[in-house]
Amino acid sequence: MSESTSALDSAQLHAELDTIFEEVLGNLTDLVAIPSVAWPSFDAANVTASAEAVANLARELGLDVDILSADQPDGTPGYPAVVASVPAPEGAPTVLLYAHHDVQPPGRAEDWDTEPFVATRRGDRLFGRGAADDKAGIMVHLTALRLLADRLGVGVTLFFEGEEEAGSPSFRNFLETYRDRLRADVIVVADSGNWAAGTPALTTSLRGMCAVEFEVSTLDHAVHSGMYGGVAPDAMLAMTKLLATLHDDDGSVAVAGLHADTETAIDYDEATLRTDSGVLPDTDLIGTGTLASRLWTQPSITVIGLDIPDVAVSSNTLQSSLKAKLSIRLAPGDTPASAVKAVEEHLRANLPFGAQLRIGETEGGSPWRADEDDPVVRTARQALTDAWGTESVTMGIGGSIPFIADLLDVFPGASILVTGVEDPDARAHSANESLYLPDFKAAIVAEALLLQRLGDRS
């Protein structure tokens with residue numbers, strides 16, 4: 001190192017970033033222009049092009065770069081990931097910096113105010129698919145390393161995945177295949193958000209998820225509703241009665257055996273939450289406990305699929321069987337296997353009219369909670385506070401990042417930090433996704449401070 005990393009401070013890094021920020025935005029704009037959707041119905045060549053573009057940016061920093069992949073469980077080749085590294089100085093830790101270069105599909109063009117794959121700056125926001133989720137995360141990592149340059153005091157491995165938005169199907173195999181290349185003492189997952197624009201947060205809890213498909217049958221074939229309605233219980237009646245048992249009258253989950261905590265250190269403003277979620281003015285919110293706990297530390301159950309005839313093609317028929325799919329979000333402290341068992345037992349216990357129940361496919365991902373007493377977590381929080389000039393907070397996320405459980409399994413001794421650049425107005429996955437540029441700049445500085453301080457601790 002050419003100078004002591006301890007000489008760096010937030011103001012100096014912000015000043016250095018200002019001199020290159022337009023170039024950083026140009027690189028991000030180029031990445032947004034690549035429609036890197038890793039879904040079978042989209043052109044895989046775009047994901048390859050995205051990986052190559054990201055790899056070139058890493059090479060410009062002088063890193064050792066590879067584009068790698070691993071097979072998915074069914075043998076299908078996985079999408080390309082970028083892995084780049086710089087070795088650790090003697091006695092210093094290695095930090096794995098994760099983000100993903102694939103993006104969600106754009107959705108309907110008419111829902112966008114700008115072209116989804118043309119990064120468009122309006123005031124303090126940059127609009128475009130992937131501008132926030134998660135190509136900004138890639139640029140946070142790359143730019144933090146660029147700022148530190150030869151002042152970097154830790155080893156760094158970059159891992160930019162290419163199929164996160166498709167469920168990371170090859171992720172575990174990728175970790176196992178390249179375990180030695182990815183091994184690290186600290187893992188930074190830049191795929192979350194902040195409490196609000198201008199208020200930094202470290203994500204310290206994530207709900208897990210599981211999904212259960214099932215079928216309810218009451219008849220051996222469909223029959224005329226006029227001939228047998230009122231005597232023969234149709235599958236729709238049985239299904240709606242069964243689904244109604246999943247929640248109490250106030251909308252709280254009524255399935256016994258699911259873990260829940262009802263208190264949180266911070267909470268949402270109800271008016272803001274209503275605006276962000278789009279709940280209609282006269283519609284009551286559901287559940288009990290703090291609003292944050294309902295989103296972070298309590299379970300939720302949502303019917304996300306129901307196989308019934310569309311109204312446009314419906315007939316006067318009693319349906320003999322009906323399929324449904326539930327999405328269950330799990331509080332930290334629960335497990336997918338335990339939750340699936342609890343839901344299945346509930347369905348069987350509450351099945352009406354002696355109907356038949358067949359459980360179909362299930363899937364799941366584990367919840368996660370950070371150890372807030374970990375010195376690495378405290379270092380990260382202070383870096384956020386210093387970079388923003390505003391006290392950082394810890395927060396949960398109602399959604400899931402299932403691969404964190406894989407990271408913990410493969411690297412059990414690593415400290416995991418979940419950071420990000422999104423804010424409640426970022427609209428990740430939706431039309432008009434955007435990146436709040438002041439927070440983007442602060443996130444870059446915060447990561448540079450974190451890497452500096454992790455090196456100072458060694």
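Mentor: Let us begin with helix axes: they are lines fitted to C-alpha atoms, for helices over the stretch in contact, and angles run from 0 to 180 degrees between N-to-C directions. Helices (H or I, at least four residues) and strands (E, at least two) are DSSP runs, numbered from the N terminus. The model is predicted: local features need pLDDT of at least 70, side-chain atom pairs count only at pLDDT 80 or more, and totals for chains, interfaces and linings use all residues. Residues are numbered from 1 along each chain as its sequence is written, and side-chain values use heavy atoms, with hydrogens and water left out.

Trainee: At what angle do the axes of helix H1 and H13 cross?

Mentor: Helix H1 (residues 10-32) crosses H13 at roughly 120 degrees, and the two axes come within 10 Å. Angles under 35 degrees count as roughly parallel, over 145 as roughly antiparallel, 65 to 115 as roughly perpendicular and the rest as oblique. H1 is therefore oblique to H13.

Trainee: Which classes of residue make up the contact of H1 with H13?

Mentor: Contact means heavy atoms within 4.5 Å. Among the residues involved are Leu13, Phe21 and Leu28 of H1, and Phe440, Ile444 and Ala448 of H13. Ala, Val, Leu, Ile, Met, Phe, Trp, Tyr, Cys and Pro count as nonpolar, Asp, Glu, Lys and Arg as charged, and the others, Gly among them, as polar. The contact of H1 with H13 has 13 nonpolar, two polar and two charged residues.

Trainee: How far apart are the axes of helix H3 and helix H13?

Mentor: The axes of helix H3 (residues 135-148) and helix H13 (residues 437-457) lie 8 Å apart, at an angle of about 50 degrees. H3 and H13 are therefore oblique to each other. Their contact includes Met139 and Leu147 of H3 and Phe440 and Leu451 of H13.

Trainee: Is Thr419 buried or exposed?

Mentor: Buried means under 20% relative accessible area, exposed over 50%, partly exposed in between (1.4 Å probe, protein chains only). Thr419, in strand S17 (residues 415-422), has 16% relative accessibility and so counts as buried. Thr419 touches residues including Val188, Asp191 and Leu202.

Trainee: What is the order of the strands in the open sheet of three strands?

Mentor: Strands of a sheet pair through backbone hydrogen bonds, either parallel or antiparallel. Two strands pair if DSSP finds at least two bridges between them. Here the order is S4-S5-S18, with antiparallel pairing. Strand S4 (120-122) and strand S18 (434-436) stand at the edges, each with a single partner strand, so one side of each lacks a neighbour in the sheet. Strand S5 (residues 125-127) pairs with S18 over three bridges, and Arg125 stands opposite Tyr436 in S18.

Terms used
Lists of a residue's contacts leave out its neighbours within four places in sequence.
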